[in-house]
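Open the structure in your viewer and keep the selection tool handy. We will visit a few places one after another, and at each stop you will learn what to select and what is there.

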Amino acid sequence: MTDTTDTVAPAPDTVAEAPQTVGREIEIKLTGDTRQIVDACDWLARNGAAFRPRAANLHSVYFDTADERLRAAGMALRVRKVRGRHMLTFKWRSDDAATAFERGEAEARLAGPEPDIDALGADTAALIRGVCGEAPLEQRFTTELKRRDAVALPGLSSIKVAVDRGHVFAGDRSVEVEEIEFELADGDIGDLIDLAARLTDACGLRLGSRTKSERGYALAAGELPQCVKALPLTLADDAATEVAMGSILIAAVEQFVANWPGLLEAELPESVHQMRVALRRLRAAIKLFQREFPCADFAILERRAADIASAMGQARDMDAFTALVQDGPGNTLKDDADFGPLLESAAVRRFEGYEKVRAVLLDPMTTGFVLELYSFVLRRGWRGALDVEALGRLSMPAQTFANETLDRLHKRVRKRGKDLERLTVDERHRLRIAFKDLRYAAEFFTALYPHKAGAKSFIRSISKLQDVFGAYNDTITAHTIVAALEGEGTIDAAAGMVLGWCARGAADAETHLAASWKIFRKLEKFWH
């Protein structure tokens, strides 16, 4: 699969048979087991989808440079043979895409299996050469699929349906593909999302979070799925508040979905953590906007996000507790106590926690929540609940909204942090929440101030204070976990050392509290 088959220069024996097409692909993938796929096909047929009587055999070869420059740029290039014809397809992430469902796409028919990029047109070929340079293209992996396709017509939109079954191959490795694709041919993306949501509810499918090319690249490299952290937002300086709202909400839900493979395929502890971070960011954003633009749907979505996050709490707590024991007292004090029984008991609770996370991700209600949020944002669902004055504020500059929001949250932190060292447990908890809200808001809106110095320092200062409060919170969590594990083996000595370790960590963090608070109070507001 790694033989060199072409260079980025034009292939002399391959010519385009038809004009190329360049546009945007808007597509949603749903996946499930064989029974769910069959049920979905039956449901689609009952609801107006006219399938072709025979499945088509699709053989696709994906190309890239040896060091995978196209992959690094978020691009994919393939030659697909179907019904005796060769089609060259190039896909890339569009800078102006509102969702992960949207990609740029260019296609051209070829006379043979060699990837002549000039067939895609001068602009697209230049884009590919700009990424690949003079490096030759090589076969990286292939897919062999049987596809049944149809057209569904919900409302006024035209939606193509494709049911794919087969495999991705890379060397002697393979991975199964079983999914349904919905592509918007013409009309409203909201209709596309609604159709996917209806099918999810009827047949129990879940949202597919990785493309075939992403799976193929990972297979070829022998890679497991990776955790996905929140990426910096891109917002224009003159963006309207409503535009910023949509971008922030979608970025949070897409981080949540992007971490599904890390749990479902690899059980990565960091993926659980990042899913919870994404949901916290989503809830924080919803609360910010709900305050200014009251809407019942905001409250409903926030509660559903909270429920999903809560189902992941046990897994995350046990991951953190296990890491704390292994890296801390379990390593330093291993000659003073047997930490094995404690860790074994924690492992049982951890397994239970991961089963809960797996169940919530496979639950069609979770995919339904994600699709509902997409639909709500893309259709600007909050508008129907607002009066004329609030509707007018949606078009105000996002910087204005950000300035007001950051001022309010900053003032709240300073007020709750007054007499910091004498705060009660409940008051510290309220301050910790205030810091969290301020940090997320700062991260959301930093993109609106690209030329302002101090944003990173501001966020870093908050992060240090959060670490102090986090150390104190770790002690509380450790007490809760140890209490739950009592009686499960001989853990008393080890448990006592763990609690002592946490108490010492909290005390050490406390010594830095006053200094960190002083630094924070002196920081200039980067948004002014």
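This is a predicted model: local features need pLDDT of at least 70, side-chain atom pairs count only at pLDDT 80 or more; totals for chains, interfaces and linings use all residues.

In soluble globular proteins, nonpolar side chains tend to be buried together.

Next, zoom in on Leu199. Setting aside neighbours within four places in sequence, Leu199 is in contact with Leu30, Ala40, Trp43, Leu44, Ile180, Phe182, Gly204 and Leu205.

**Stop two: a pocket**

Select His273, Arg276, Arg280, Arg432 and Asn473. Of the 38 residues that line the second largest pocket, these lie nearest its centre. The volume of this pocket is about 1,500 Å³. Helix 8, helix 9 (296–311), helix 10 (313–327), helix 16 (425–445) and helix 17 (455–485) each give two or more residues to its lining. By type, the lining has 12 nonpolar, 11 polar and 15 charged residues.

**Stop three: helix 19**

Finally, select residues 513–522, which form helix 19. Which of its residues are buried? They are Leu513, Ser516, Trp517 and Phe520. Look down the helix axis: the buried residues of helix 19 fall within an arc of 100°, so they line one face. They pack against helix 15 (398–416), helix 16, helix 17 and helix 18 (492–511). Turn to the other side of helix 19 to find Lys518, Ile519 and Lys522 exposed.

Note on methods. Residues are numbered from 1 along each chain as its sequence is written. Side-chain values use heavy atoms; hydrogens and water are left out. Contact means heavy atoms within 4.5 Å. On a 1 Å grid over the protein atoms alone, a cavity is a set of points where a 1.4 Å probe fits but cannot get out, and a pocket is an open set with protein on both sides within 12 Å along at least five of seven lines; lining residues have an atom within 4 Å of a point. Grid points are joined across faces, edges and corners, and a volume is the space filled by probe spheres set on the points. Helices (H or I, at least four residues) and strands (E, at least two) are DSSP runs, numbered from the N terminus. Ala, Val, Leu, Ile, Met, Phe, Trp, Tyr, Cys and Pro count as nonpolar, Asp, Glu, Lys and Arg as charged, and the others, Gly among them, as polar. Buried means under 20% relative accessible area, exposed over 50%, partly exposed in between (1.4 Å probe, protein chains only). The arc is that of the directions from the helix axis to the C-beta atoms.
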